[in-house]
Amino acid sequence: MRASSLLQAVLPALLAGRAIASGTTIVSALNTVDSKTEALDSTVKSWSGDILGSFPILTKSASLLLAIHKGKDAAEDSDALTSDEALGIASAVTTLATSVNSTMTTIIAAHEKFEHLLLAPVVLLDLKAQKAASDDMSNAIVAKVPAALQGIAQNLVAPIDASFNLAIDAYSISNGI
Ligand SMILES: *[C@@H]1O[C@H](CO)[C@@H](O)[C@H](O)[C@H]1NC(C)=O
């Protein structure tokens, strides 16, 4: 009796928890990814190339990876999106693509500094993990967009993947392994 009334009390909360993720949750997750991306960009930009200054870069990079994973989770947990929700997400993705382009440009430009500290292979591993997570996140989002908008959604996420690929290429060439 007690157990069943406990279940009755808890079950609706659990079910509600499942249904909470939606368009706004995805937009908010994407905005978090965007701000972590920008934080990484500005940290690498202002880095003089010293070993101490590399630690906050690696921390911010790890924090970005975590945010991308959360974005993927938010998309996977979401119900199918309405066209209005997809529109809001399109705008967040476009903003993110701009930030990723800028951050990857910055990271490519800093290649020599990382290599000087023998950290280029670490950066390469980070980039590969972030690209893989970002691909998963993009696929999860596209899957929830209405069928008629999926082609557009794919075009919007494509530049993010292209930016990661450029940075991965830049770090793959000269790391000697
Ligand atoms: C950034 O965007 C420009 C313009 O589309 C493109 O030419 C460049 O290759 C991109 N760079 C990166 C790192 O994504």
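**Exercise 1. Contacts of Ile26 and the core**

Task: determine which residues Ile26 is in contact with, leaving aside its neighbours within four places in sequence, and then describe the largest nonpolar core.

Solution. Leaving aside neighbours within four places in sequence, Ile26 is in contact with Ala74, Ala75, Ser78, Ile89 and Ile141, where two residues are in contact if their C-beta atoms, placed from the backbone, lie within 7 Å. The model is a predicted one, in which local features need pLDDT of at least 70 and side-chain atom pairs count only at pLDDT 80 or more, whereas totals for chains, interfaces and linings use all residues. Residue numbers start from 1 along each chain as its sequence is written.

The next step is the core, a nonpolar core being a set of buried Ala, Val, Leu, Ile, Met, Phe, Trp, Tyr and Cys residues joined through C-beta atoms within 7 Å. The largest one has 38 residues, and those with the most contacts inside it are Ile26, Leu30, Ile89, Val93, Leu96, Ile141 and Ala153. At least two residues of this core come from each of helix H2 (23-45), helix H3 (51-77), helix H4 (83-109), helix H6 (120-144) and helix H7 (150-173); H4 gives the most, with 8 residues. Helices (H or I, at least four residues) and strands (E, at least two) are DSSP runs, numbered from the N terminus.

**Exercise 2. The overall make-up**

Task: state how many helices and strands the protein has, and what percentage of its residues is buried.

Solution. The protein has 7 helices and 0 strands, and the pattern read along the sequence is α-α-α-α-α-α-α. Buried residues make up 33% of the 177 residues, a residue being buried if 20 or more other C-beta atoms lie within 10 Å of its own, exposed if 12 or fewer, and partly exposed in between, with C-beta atoms placed from the backbone. Among contacts between residues at least 6 apart in sequence, 87% join residues at least 24 apart.

**Exercise 3. The packing of H6 and H7**

Task: work out how the axes of H6 and H7 are arranged, and give the classes of the residues in their contact.

Solution. The axes of H6 and H7 come within 9 Å and cross at roughly 170 degrees, where axes are lines fitted to C-alpha atoms, for helices over the stretch in contact, and angles run from 0 to 180 degrees between N-to-C directions. H6 and H7 are therefore roughly antiparallel to each other, since angles under 35 degrees count as roughly parallel, over 145 as roughly antiparallel, 65 to 115 as roughly perpendicular and the rest as oblique. The residues of this contact divide into 13 nonpolar, 6 polar and 4 charged, with Ala, Val, Leu, Ile, Met, Phe, Trp, Tyr, Cys and Pro counting as nonpolar, Asp, Glu, Lys and Arg as charged, and the others, Gly among them, as polar.
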